[in-house]
Amino acid sequence: MSYFSCVYCALLLLSGVLGTYPPSGLDLHHITAQSYAQTRNIARPPHRTLNPSKTDSQCRSLPLDLVFIIDSSRSVRPGEFEKVKIFLADMVDTLDVGPDATRVAVVNYASTVKIEFLLKDHLNKPDMKRAITRIEPLAAGTMTGLAIKTAMNEAFTEQSGARPRSRKISKVAIIVTDGRPQDQVEEVSAAARGSGIEIYAVGVDRADMRSLQLMASIPLEDHVFYVETYGVIEKLTSKFRETLCGVDPCAMGHHCDHICVNSNASYYCKCRNGYILNTDKKTCSMKQVKAAVVQDPCKCEARLAFQRQTQSAIQQLAAKHILHPAVHWLIPPTSGSIPKSSKFKTSDVTGRVKQLESALGRA
């Protein structure tokens, strides 16, 4: 290699370092985050445009109420804002979107805040991605704190489509910004985290690292990300895929006899129709069908009336010692004579009457 070639390569490397680390305001955390981002950016991705009709689920995410809070201030150029929209679309593809799965909302901000769509508005990927293509930048300032407050008070409410706290659905906010907030973010971010919202902060280019750390949940190493340009922001999709996409416990193996149902980080078993779940909560048994014998109430009442009438007549005859020869067999045999009324047992006669009924019924 010639001397001039070596000098040329050295100049290229030097220009790359100066372009990545601005000479003024160097910060150790900033440099560390930039170095991490560079290790993930060996090659720049090819130029892409947003295609709302193309969906490609990369994993099965846990159910989430997810709100993107995106900076569209004047510092974000039109082409860069398109990159942000592609990043949002990639994230939507990553997630398991649906009314009982993940719901997504977008809050757009600059000096004002605009909720582009709510958690309840779009419950399938194509509609959601079409809504993303319609988002326009707002320009002007960077009121990040106001945007977080709006998301907490208006986007993460049950009226806007968030699930009740009792459902234990995770609430997640992802903030994407390239500048320093022009309002306070520390207190409102703490309030949002205190209400149960997990916050991820993504900084681009000139983003203020200290502000990102004040906004994000802990541990910071898992919730603060940095990329040097909007051109590579879509690289973060794979990182969020690892974070937000849960493993389906049913797919990992289960002991259910019939049906395995994913329940966040666990699972439970169900049985097919006609079966019941056994006490071990895994195996199933066929339902025992008991045949109910329904008697005709009219027939029962008629039989009881006949028995009462017959018993009453026999008692009267026995009391008078007058019995018709046809009913002599009804009376239990004694010592050769008709029993006295005091010794006559009507229960024995009742049994004979039942036998008579059965004989008549078979006739």
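These legends walk through several close-up views of one predicted model. In this predicted model, local features need pLDDT of at least 70 and side-chain atom pairs count only at pLDDT 80 or more, while totals for chains, interfaces and linings use all residues. Residues are numbered from 1 along each chain as its sequence is written, and side-chain values use heavy atoms, with hydrogens and water left out.

**View 1. The largest nonpolar core has 34 residues.** A nonpolar core is a set of buried Ala, Val, Leu, Ile, Met, Phe, Trp, Tyr and Cys residues joined through side-chain atoms within 4.5 Å; buried means under 20% relative accessible area, exposed over 50% and partly exposed in between, with a 1.4 Å probe and protein chains only. Among the residues with the most contacts inside this core are Phe68, Ile70 and Phe87. Elements that give two or more residues to this core include β1 (64-71), α3 (78-94) and β2 (103-109); helices (H or I, at least four residues) and strands (E, at least two) are DSSP runs, numbered from the N terminus. The largest share, six residues, comes from α3. A second, separate core of 28 residues includes Tyr109, Ala155, Val185 and Ile197.

**View 2. Here is Phe87 with its contacts.** Contact means heavy atoms within 4.5 Å. Leaving aside neighbours within four places in sequence, Phe87 meets Phe68, Val176, Ile233, Glu234, Leu236, Thr237 and Phe240.

**View 3. Strand β2 sits beside β1, running parallel to it.** Seven bridges join the two strands; strands pair if DSSP finds at least two bridges between them. Across the pair, Ile70 stands opposite Asn108 in β2. Arg103, Ala105, Val107 and Tyr109 point one way from β2, and Val104, Val106 and Asn108 point the other way. Seven of the seven residues of β2 are buried, so this strand is largely enclosed by the rest of the structure.

**View 4. Cys284 lies in strand β10 (residues 284-286).** At 12% relative accessibility, Cys284 counts as buried. Its C-alpha atom is separated by 6.2 Å from that of Asp257, 27 residues apart along the chain. Not counting residues up to four places away in sequence, Cys284 touches Asp257, His258, Lys270, Cys271, Tyr275, Ile276, Leu277 and Asn278.
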